[in-house]
Amino acid sequence: MNFIICYTCHKKFFNNYRINLFMNLLRGRNLNFLADKILLQIRLQCKSVHTCLFDHLKSQIKIVGPMTVANYMKEALTNPKWGYYMTNDVFGAKGDFTTSPEISQMFGELIGIWFVAQWIQIGKPCGVQLVELGPGRGTLMADILRVMKQFPETLSNFEVNFVEVSEKMISLQKKNLGIPHGKKDFCITPSGTKVSWFTHVQDVPKGLTFYLAHEFFDALPVHLFKKVGGKYHELLVGLNRSENELQLVTAPGPSPVARTFLNSETNADECEVCPEAAVVMSYISENISTYGGCAMIIDYGESDSQRFSLRGYKNHVLVDNIFKNPGSCDITANVDFGFLKRCIRGEVHHYGPITQRSFLLQMGIQQRLKVLLNTATSEQARNLISSLDYLISPEKMGEKFKCFALTNLSSPVPPCFT
């Protein structure tokens with residue numbers, strides 16, 4: 001293992017193209033521990049006295065040359081010292097963006113009911129893992145568990161596993177689930193549900209699993225390609241002539257990543273590809289195929305995108321330049337549901353994507369609103385009605401967000417996807 005790490009970090013091997021391909025290969029073979037060790041060694045080789053993420057990235061670029069946009073996103077979002085997700089509470093009105101669970105409890109409650117219905121449809125099995133990827137503050141899971149508490153036999157047959165890289169977020173998740181701070185690896189909620197934390201989805205024990213990925217895939221790092229002379233060249237992040245700003249530059253030759261991941265039928269001038277999404281999708285679909293379960297993926301996106309959608313948000317406002325002040329804003333890209341479908345492995349059914357509006361209306365969000373309004377104050381009623389509009393309005397979240405589901409072959413069609 002030490003030989004592999006040393007060789008990978010050697011200057012003859014040490015360039016961003018090869019590193020990126022090698023990291024994806026390792027993670028695709030569930031060798032996350034080795035990939036993490038190699039990335040740590042690379043960071044150590046680039047380490048100097050830095051006061052901000054820009055200095056750190058500038059040092060890397062001067063040593064190994066321009067980096068992929070995917071590697072830039074990883075550093076900007078999850079660098080241990082300066083990463084956006086690692087140092088900020090980014091959700092809600094005081095953060096930089098608002099997610100559906102932060103808007104209304106109704107969203108999480110209906111997701112919880114969907115999972116309960118799935119559990120009943122497959123015969124009420126015991127020992128089910130409910131795995132949430134990128135759980136944010138834990139608000140969504142708190143709403144789901146509150147619903148499951150109404151079905152005692154359900155709650156007693158589930159344990160929760162979070163896939164999370166940020167210590168800051170883990171702290172907020174424990175707070176929202178009513179768990180005292182302490183041991184990181186696992187805790188017990190006041191209602192008796194075991195909750196564990198893992199860095200990678202591949203680290204979660206295999207078995208019967210219900211996966212939930214709400215606004216997870218949109219934050220995974222993407223590669224950008226543009227067609228030059230009929231072939232796809234990758235856009236990289238380099239330094240300007242004065243070496244005081246980051247900018248996009250075009251790789252001199254065709255990209256091996258493009259040949260590996262792009263749809264052979266695409267003819268677009270611009271393309272985005274997310275290899276990490278391929279790794280995650282392949283893994284969860286194979287686990288569902290082998291051990292049973294399902295997955296619910298909710299995110300904004302489209303099928304087989306043919307344009308750049310990479311963008312940043314700060315204080316709920318679109319950022320002009322995501323390469324300025326790295327680590328200071330959220331960076332996101334539309335999810336390509338067509339790409340996710342092509343990455344499915346094993347024997348599973350896939351359903352959708354359908355709009356969030358269609359899903360929530362079929363799940364009875366209007367009926368749930370009426371129940372809540374019966375005991376709401378005037379101010380609460382206004383907030384509830386406004387939140388419903390935000391969740392299902394075609395001009396807001398209703399049409400932009402999509403719901404995509406996977407089930408084991410032996411499972412019946414899940415609710416809302418008939």
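Predicted model: local features only at pLDDT ≥ 70, side-chain atom pairs only at ≥ 80, totals over all residues.

Colleague: How many bridges join strand 12 to strand 13?

Modeller: 2 bridges, with strand 12 covering residues 311-314 and the two strands running antiparallel.

Colleague: And which residue in strand 13 does Lys-314 stand opposite?

Modeller: Val-317.

Colleague: OK, switching to charges. How many salt bridges does the structure hold?

Modeller: 9 salt bridges. Take Glu-243 and Lys-62, where the closest N and O atoms are 3.4 Å apart.

Colleague: Where do those two lie?

Modeller: Glu-243 is in the loop between strand 8 (231-239) and strand 9 (246-254), while Lys-62 is in helix 4 (residues 53-64), so the pair ties together parts that are 181 residues apart in sequence.

Colleague: Is Lys-62 buried or exposed?

Modeller: Lys-62 is exposed, because its relative accessible area is 53% and the cut-off for exposed is over 50%. Glu-243 counts as partly exposed, at 32% relative accessibility.

Colleague: What does Glu-102 pair with?

Modeller: Glu-102 forms a salt bridge with Arg-137, and the closest N and O atoms are 3.2 Å apart. Glu-102 lies in helix 7 (residues 100-103) and Arg-137 in the loop between strand 2 (128-133) and helix 9 (139-148), so this pair links parts 35 residues apart in sequence. Glu-102 is partly exposed, with a relative accessible area of 24%.

Colleague: And Glu-109, which side chain does that one meet in a salt bridge?

Modeller: Arg-146, at 3.1 Å from N to O. Glu-109 is in helix 8 (residues 105-121) and Arg-146 is in helix 9, so they tie together parts that are 37 residues apart in sequence.

Colleague: Why does Glu-109 count as buried?

Modeller: Because Glu-109 has 5% relative accessibility, and buried means under 20%. Arg-146 is partly exposed, with a relative accessible area of 36%.

Colleague: Great, that's what I was after. Thanks!

Conventions:
Residues numbered from 1 in each chain as written. Heavy atoms only, no water. Salt bridge = Lys/Arg side-chain N within 4 Å of Asp/Glu carboxyl O. Helix = DSSP H or I, 4+ residues; strand = E, 2+ residues; numbered from the N terminus. Buried < 20%, exposed > 50% of the residue type's maximum accessible area, 1.4 Å probe, protein only. Pairing = 2+ DSSP bridges.
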